[in-house]
Amino acid sequence: MRVRNARFLVVGITAAVLSAALAACSSSSSGSKGTATKAPILIGASLSLTGGFSADGQAFMRGYQLWAHDVNAAGGLLGRQVKLDIKNDASQPNQAVTNYQSLINVDHVNLLFGPFSSLLTLPTVQVAHRYGFAFVEGAGGAPSVFATKLDNLFDVSLPVDASTLPLIDYINALPVNQRPKTAAFPTSNDPFTQPQIQFAQHMLSTDGVKSVYSKVFPAEPTQYKGIADQVAASKAQMVVLGSVDVPTVAAFTQAFVQAHYQPKIFIATAGPDQGAAYVKAVGGQGNADGVMVPNAWYGGSLNTLSRKMVAEYIAKYGGTPSGINADVAEAYSVGEVMAQAVTATKGLDNSKIIQYLHANTMSSVQGPVKFDAVGQNLAATAFVFQWQRADFLQVLPPGSGSATVVYPKPAWGK
Amino acid sequence: MARFLQAVADGISGGAVYALMAAGLTLIFGVLDIINIAQGILVVLAAYLSYALSVHLQLDPLLGLVITVPVMFVLGVIIQWAFIRRLRGRERTAMSLLVCYAVAVIIEGALYAEFGGTPVTIHMSYATSPTAQVHVLGFYLGYIYLIGFGLAVVAIAGIYLLLYRTKFGRSIRATTQDAVAARLIGINVDRVAAVTFGIGVAVTAAGGMVFGATNAFNPDSGYDLISRLLSIVILGGLGSIGGALVAAMFMVTVEEIVNIWQPTWAVVVYYAALVIVLFLRPNGLFGKKAVRAQ
């Protein structure tokens, strides 16, 4: 009996020692790994990876991924790695809403990034608001988005309505006999394009430029050739095209080329900012030369953060600075701004993040970011860019960093 | 008046391109009694084939048809053999819609994986450059549209010759009228079905090439195309090849004329016209009751 008790005692002590040793090893092991074993910060976003906005959506995804890669390479956020949870909305607003509901309720993401386009931001920011999430986005700058007056909305990019102002100022500064006398204003039926076109038309009309064509065409893909031919037939000296994507600009360009129509100024609200994808779609450099687009960023920006991002982008995806889609910078800026808010608030409490974003000035590859009460970036500067041969250059407003505007636009294909 | 003439010219030339794409769809319906929802994405696939051949092998897209037409034909035969042939019974037509949709989704996914979403166009310097056009009655008409018109005429004439001047054409027509009776008199109905589906898909090679040369396209372009192609074959009369040509020109011309007045109404007016025509002629402009009753 004593022997049996002694054996039990030895076995018991051995088991206790082993357990203690194992526990110590386990504790030591987790301690030595430090932040590596912490759960990653999950960030959800819905992007248009297919559908009408797929070119922009995929560029946005590269921007988000490049930002996440850079953050993780630098040790992560709050000592935790960042993990993106991106869902495809096929460019459909309803699907985008479903995606954000799923990201919040099923995937339990910590933070949200916005989708592409004002069209999809408008319904999705309301989902984020319902659940108290800060909604930082880079492509929802239409007035209708800000009209929601939701306190969780933060657009890091340029508000779109007055984006053409530098060009209007440039035209007014031209000698009277050199200014375009007539203008055409075809626009897609889209919340991103219409405010810009209406603003430009109003301002130019006030300045004496006669509107000879002003029509809205359906946002869904359609036959553009006939509309473009009508614009060409108007013989307007200036075309302000309300476009949301490359195919629209490409279709108008192709029709203008075939109609031998040579406007002095051709500016499109979106499309020419998409780098190599745009040049390829319009049929080469000769058809891109002289075409303008308003925006807040380009690949040759002197912003230090931007130059670093451009170098990293080229190292990862190849190409040239001019070939980088502006969507990449808009998406990257979303990550930068959110990261600054998370770091400053030392946590993932979205209510604190919202407060911080409203109260502080931040920096991004697109420049400084300072939000007003409805989420517009008041610090963003409107620029106008122009394709000049193989280069995509900032030309307006005139001054430091801007190249000289090529006016009138060179003939197609030259 | 100049704008009106320009709109009519755009309508006829653009309509021919749509007719080229719709011809295969209506042929497949006429013989197989199924609506090939995948026709739109097959046009886009054909456009990508022409694009890839011209970019990677520097093969002229028009010459490239020597490769793309047989490739699309074989693809059509495979789709019919693998997916459509197995559908039997009363639910066949409904199931074929689902199967064709699944095929479309697979092809779209593959195109996204291979080419991404960035829009591209097919370049043919002799057909799409600023100088490649004729000046008629005050407006310009690009050679690419003339090529499209010519290809549409050739494709539709070729299908007519096949249907009405060959033994195989008689087999197709017999199958169209009564597949059971055709089988009883010794026609290999399965073979007729596979070859017809192949021809219907092969036609998209030409349509896709012209579409890709006149539009920037990406894998998503198939959705807009299929809705237009379906409305064309319904207006022309399901199964009527010539009807598809007339309906396509009608559709695009109506849109172009309305564009002069208000572009946002163009599609509305077209579909209103479609409803009126179908109210007056339920089988479409050139549809036959026999085809619908099959």
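The model is predicted, so local features need pLDDT of at least 70 and side-chain atom pairs count only at pLDDT 80 or more, while totals for chains, interfaces and linings use all residues. Residues are numbered from 1 along each chain as its sequence is written, and chains are lettered from A and ligands numbered from 1 in the order in which they are written.

**Chain A overall**
- Chain A has 14 helices and 14 strands, taken as DSSP runs numbered from the N terminus (helices H or I with at least four residues, strands E with at least two).
- Among contacts in chain A between residues at least 6 apart in sequence, 71% join residues at least 24 apart, a contact being two C-beta atoms, placed from the backbone, within 7 Å.

**Domains of chain A**
- An automatic or database assignment gives domain 1 (41-159 + 302-370) and domain 2 (165-295 + 383-396), and their C-alpha centres lie 28 Å apart.
- The contact between these domains takes 17 residues from domain 1 and 17 residues from domain 2.
- On the domain 1 side, H2, H4 and helix H5 (143-146) of chain A each give two or more residues, with H4(A) giving the most, 3 residues.

**Leu119(A)**
- Leu119(A) is found in helix H4 (residues 118-130) of chain A, and it counts as buried because 25 other C-beta atoms lie within 10 Å.
- Beyond its neighbours within four places in sequence, Leu119(A) is in contact with Pro93(A), Asp190(A) and Pro191(A).

**Helix pair in chain B**
- The axes of helix H2 (residues 39-56) and helix H9 (residues 189-214) of chain B come within 7 Å and cross at roughly 65°, where axes are lines fitted to C-alpha atoms over the stretch in contact and angles run from 0 to 180 degrees between N-to-C directions.
- Residues making this contact include Leu42(B) and Tyr51(B) of H2(B), and Val201(B) and Phe211(B) of H9(B).

**Interface of chains A and B**
- In total, 36 residues of chain A are in contact with 34 residues of chain B.

Methods: A residue is buried if 20 or more other C-beta atoms lie within 10 Å of its own, exposed if 12 or fewer, and partly exposed in between; C-beta atoms are placed from the backbone.
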